[in-house]
Amino acid sequence: MFRFPSRLVLHVFLATCVLADIALSQSSPQHAHVELIARQNSIVPGSSIALGVHFMLEPGWHIYWINSGDSGQPPSLKWQLPPGFTTGEIQWPRPERMQSNALLADYGYHDDVLLIVPVSAPQSIASNAGPSTVRFIVEAKWLICREVCLPDHAQLQMALPVASKAPGENPLAAKLFARTEALLPKPMPRSWKVSVRSRKDDFALTIAAGKRIAQAQFFPLDPEQIDNPAPQKLQTSPTGMTLVLKKSDLLVKPIAVLRGVLVLTDGEAYRIEAPVRQSLQ
Amino acid sequence: MKKARHLVLLCALLVLVWLAPAFAARVGEPAPGFSAVDSNGKTQRLSDYKGKFVVLEWHNQGCPYTKKHYASGNMQRLQKEWTAKGVVWLSVISSAPGTQGFVTPTQENEYIKMMNAAPTAVILDPGGTLGHLYAAKTTPHMFIIDPSGTLIYNGAIDDHATSDQGDIASSRNYVSTALQEATSGKPVTEPATRPYGCSVKYKD
């Protein structure tokens, strides 16, 4: 008879703990669902894995690329890693151009985007979440916009078991990682030659690719160089193309290097980094 | 006769439209002149302020980046400091009706009182004319015009492109620095920076 109330108290206490834990590990961002996922289903000491922050956005809402363009702000990730682990940089998929009017163009993502971050494990892994398990925590901050913008953040976490041999893949996650990898800008083919001439009001980006390039869009990595909303005029040629990029009003000093991502019609994206020659033209 | 006059008017209009994109605000060049109505119904002309430094601050009270600088009192502090030194401070609202930040004159005057803001005047630009003239992109987006009418600063308010109030203390305020340099006769070391914030809510 006496044990019943104490057991009830224990149950209530345990239920509260469980609920509190759920509240801590789940976030309820506005107009998006955000999760931390891993490509692999375990981690081997001394190896690398891929983690990703997965944004699933409500229709019409968007977040931003590393260069957000004229407005907005790119997401930021702050990691709390198990001892000895290190992360690489965010691998930004090629963005889309979002132009709301003649004055403003932003670069970012709609619908669904995965920000992949490579993670390296130390030679000897100290478990931080139960036996042979490591927990990764990331504090993500982002700006989500439609007509209006909302800054938001979430603490996301996930745990992976430590394994001794090569880890398998989580099939569902692997599919998403593979799809995202296809959207990552690649290094420019070695056979290509790229040059940039700085003229009075624009840059002429010329690519000799040994084949005709009929359509291309340039996304600048550095702000303040290109006028984002200005149409990019493409002159195609049998060996490549020249893309004319209007200079930004904020560009007051000559630049030495033009860096960005070039996206071709077939969706292929290449990293461009070209020294800028001053032209008298 | 009447037809000819219409044609002339149409041509003038077309030329204006055609010229419009050329009026971008470039540092070192004359700032585009304007005449616009403020929240008290008074006409504000740039030419009226010849001989004075003029700050233009693009504003949207609903934007988290504008809120950062108003809820913290940072913007009001700047407005008070520099208007006390004779600088003219014009906030500009280019939000179109029905978009975030659009206000009636009465609403704006109530906001100014509530926030203890201290601009010289707030220009209401719901048609976006002034915004397009300066190619204002974000809220906030800051411009400084010197006493000769030359644009000497175009860009962000500071060097922390976030909406966190906590970042203000460790930020370098570009507007303050530019005004300090310019009012003491020095060239502005950083005359153009990337403005950050919400997009200006133009009608198109």
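This is a predicted model: local features need pLDDT of at least 70, side-chain atom pairs count only at pLDDT 80 or more; totals for chains, interfaces and linings use all residues.
## Interface between chain A and chain B

The contact between the two chains involves 24 residues of chain A and 30 residues of chain B. Together the chains bury about 2,200 Å², and carbon and sulfur atoms account for 52% of that area. On the chain A side, 29% of the buried area comes from A:Leu103, A:Asp249 and A:Leu250.

The side of chain A that touches chain B is made up of 10 nonpolar, 8 polar and 6 charged residues. Four strands of chain A each give at least two residues to this side: strand 3 (62–69), strand 6 (96–101), strand 9 (133–145) and strand 10 (149–161). The largest share, 3 residues, comes from strand 3 of chain A.

## Polar contacts and salt bridges across the interface

Between chain A and chain B, 11 residue pairs are in polar contact, counting pairs with both residues at pLDDT 80 or more. The interface also holds 3 salt bridges. A:Asp249 takes part in a salt bridge with B:Arg26, and the closest N and O atoms of this pair are 3.4 Å apart.

Side chains of opposite charge can pair when their charged atoms come close. The pair A:Asp249 and B:Arg26 meets the salt-bridge rule because its N to O distance of 3.4 Å falls within the cut-off of 4 Å.

## Salt bridges in the whole model

Over all chains, the count is 15 salt bridges. A salt bridge joins the side chains of A:Asp222 and A:Arg259, with an N to O distance of 3.0 Å. These two residues are 37 residues apart and link distant parts of the chain. A:Asp222 sits in the loop between strand 14 (216–220) and strand 15 (233–237) of chain A, while A:Arg259 belongs to strand 17 of chain A.

## The second largest pocket

The second largest pocket has a volume of about 500 Å³. Its lining consists of 18 residues, and the closest to the pocket centre are A:Glu89, A:Ile90, A:Trp92, A:Leu221 and A:Arg271. By class, the lining has 12 nonpolar, 2 polar and 4 charged residues.

Strand 3, strand 17 (257–264) and strand 18 (269–278) of chain A each provide at least two residues of this lining. Strand 3 of chain A also supplies residues to the side that touches chain B, and strand 17 of chain A is the strand that holds A:Arg259.

## Cavities

The model has 2 cavities of 30 Å³ or more. The largest cavity has a volume of about 40 Å³. Its lining is formed by B:Arg172, B:Tyr174, B:Thr177, B:Ala178, B:Glu181, B:Val188, B:Thr189 and B:Glu190. These residues divide into 3 nonpolar, 2 polar and 3 charged.

The volume of the second largest cavity is also given as about 40 Å³. Residues that line the second largest cavity include B:His59, B:Tyr70, B:Gln79, B:Ser91 and B:Glu108. Also in this lining are B:Tyr111, B:Ile112, B:Ala117, B:Pro119 and B:Val122. Helix 4 (residues 105–115) of chain B gives the largest share of the lining, 3 residues. By class, the lining of the second largest cavity has 6 nonpolar, 3 polar and 1 charged residues.

## Backbone features of chain B

The peptide bond from B:Thr139 to B:Pro140 is cis, and its omega is near -5°. B:Pro140 is located in the loop between strand 6 (138–139) and strand 7 (142–145) of chain B.

Positive phi values are found in two residues other than glycine, B:Asn116 and B:Ala135. For B:Asn116 phi is near 60°, and this residue lies in the loop between helix 4 and strand 5 (121–124) of chain B. For B:Ala135 phi is near 55°, and this residue lies in the loop between helix 5 (129–134) and strand 6 of chain B.

Definitions and conventions: Residues are numbered from 1 along each chain as its sequence is written. Chains are lettered from A and ligands numbered from 1 in the order in which they are written. Side-chain values use heavy atoms; hydrogens and water are left out. Contact means heavy atoms within 4.5 Å. Buried area is the accessible area (1.4 Å probe) that two parts lose on being put together, summed over both. A polar contact is a pair of N or O atoms within 3.5 Å; within protein, one must be able to donate a hydrogen and the other to accept it, and residues adjacent in sequence count only if both atoms are side-chain atoms. Ala, Val, Leu, Ile, Met, Phe, Trp, Tyr, Cys and Pro count as nonpolar, Asp, Glu, Lys and Arg as charged, and the others, Gly among them, as polar. On a 1 Å grid over the protein atoms alone, a cavity is a set of points where a 1.4 Å probe fits but cannot get out, and a pocket is an open set with protein on both sides within 12 Å along at least five of seven lines; lining residues have an atom within 4 Å of a point. Grid points are joined across faces, edges and corners, and a volume is the space filled by probe spheres set on the points.
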